[in-house]
Amino acid sequence: TPAEVAGLIEDSDRITLVAQPIVDARRGVVAGYALLSRFRLEQPAPPDHVFAEAMRPGLADRLEAAVVTHALALAEHRPRNTFVTVNVDPRQLRSRAVLDALEKARSLSGGVIELTEHGEPDDLDALREALRGLRAQGALSAIDDAGAGYSGLKQILELQPQFLKIDRDLVTNL
């Protein structure tokens with residue numbers, strides 16, 4: 001519910017990030033970690049449902065900012081020569097709350113802002129400018145689930161991410 005989402009934002013200790021290793025198959029080493037959101041709620045719900053619920057009452061930017069804050073804290077403890085990715089809805093990346101959270105980081109080097117496919121960017125020029133600023137601070141960008149939702153070829157060409165994560169529907173049973 002919106003009240004539960006607001007509670008998560010107020011008590012960010014109920015937000016946890018789990019690190020899923022990203023393995024460089026050629027070298028056989030962990031190259032990075034995808035940070036995945038998990039939430040402690042009275043009624044458990046998948047993360048995508050929580051983020052969707054946050055969109056309804058206008059809490060999405062604050063929830064994304066809380067997750068980014070957790071991700072940046074974890075990123076400081078990552079092993080050497082690895083990176084961390086954190087998902088951000090492209091509609092929220094330009095919000096003051098998310099930008100403030102990103103600006104508090106000592107460094108964005110080794111961080112990858114992974115744009116999700118769930119929402120269509122409302123202003124590609126402004127999104128491109130926001131990414132340019134984050135790249136100047138050392139961050140990289142990725143398109144999550146390329147080929148699904150709003151992560152199509154036009155967005156890839158417009159945003160020129162350093163990484164593409166291909167949607168599983170495009171590679172299953174190849």
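# Reading the features of a predicted fold

Reader: Phe163 is partly exposed, with a relative accessible area of 32%. What do words like that stand for?

Author: Buried means under 20% relative accessible area, exposed over 50%, and partly exposed in between (1.4 Å probe, protein chains only). Before going on: this is a predicted model, where local features need pLDDT of at least 70 and side-chain atom pairs count only at pLDDT 80 or more, while totals for chains, interfaces and linings use all residues. Residues are numbered from 1 along each chain as its sequence is written, and side-chain values use heavy atoms, leaving out hydrogens and water.

Reader: How many aromatic pairs does a search of the whole structure find?

Author: Rings of Phe, Tyr and Trp (its six-membered ring) pair if their centres lie within 6.5 Å; planes under 30 degrees apart are stacked, over 60 edge-to-face, the rest tilted. The search turns up 2 aromatic pairs. For the labels, helices (H or I, at least four residues) and strands (E, at least two) are DSSP runs numbered from the N terminus. Phe39 counts as buried because its relative accessible area is 12%.

Reader: And what is the geometry of Phe83 and Phe163?

Author: The ring centres of Phe83 and Phe163 are 5.6 Å apart and the planes are at 25°, so this pair is stacked. Phe83 in strand E3 and Phe163 in strand E6 lie 80 residues apart, so to speak a link between distant parts of the chain. Phe83, at 19%, is buried, whereas Phe163, at 32%, is partly exposed.

Reader: Next, helix packing. At what angle do the axes of H1 and H2 cross?

Author: Axes are lines fitted to C-alpha atoms, for helices over the stretch in contact, with angles from 0 to 180 degrees between N-to-C directions. Helix H1 (residues 2-10) and H2 cross at roughly 100°, and their axes come within 9 Å. That makes H1 roughly perpendicular to H2; angles of 65 to 115 degrees get that label, under 35 is roughly parallel, over 145 roughly antiparallel, and the rest oblique. On the H1 side, Pro2, Val5 and Leu8 meet Val50, Glu53 and Ala54 of H2, where contact means heavy atoms within 4.5 Å. Sorted by class, this contact has 5 nonpolar, no polar and 1 charged residues. Here Ala, Val, Leu, Ile, Met, Phe, Trp, Tyr, Cys and Pro are nonpolar, Asp, Glu, Lys and Arg charged, and the others, Gly among them, polar.

Reader: Which residues of H1 are buried, and what covers them?

Author: Val5, Gly7, Leu8 and Ile9 are the buried ones in H1. Their cover includes strand E1 (15-24), E2, H2 and H3.

Reader: How do H3 and H5 pack?

Author: H3 packs against helix H5 (residues 96-103) at about 10°, with the axes 8 Å apart. So H3 is roughly parallel to H5. From H3, Asp61, Arg62, Glu64, Ala65, Val68, Thr69 and Leu72 take part, meeting Ala97, Val98, Ala101 and Leu102 of H5. The class count for this contact is 7 nonpolar, 1 polar and 3 charged residues.

Reader: Which members of the largest nonpolar core touch the most other members?

Author: A nonpolar core is a set of buried Ala, Val, Leu, Ile, Met, Phe, Trp, Tyr and Cys residues joined through side-chain atoms within 4.5 Å. The largest has 40 residues, and Phe39, Leu63, Leu93, Leu102, Ile113 and Leu115 touch the most other members. H3 gives this core its largest share, 9 residues. Leaving aside residues up to four places away in sequence, Leu102 touches Val68, Leu72, Leu93, Leu108, Ile113, Leu134 and Gln137.

Reader: Is Val86 buried or exposed?

Author: Val86 is buried, at 7% relative accessibility, and belongs to strand E3.

Reader: Where does Leu157 lie?

Author: Leu157 is in helix H7 and, at 64%, is exposed.
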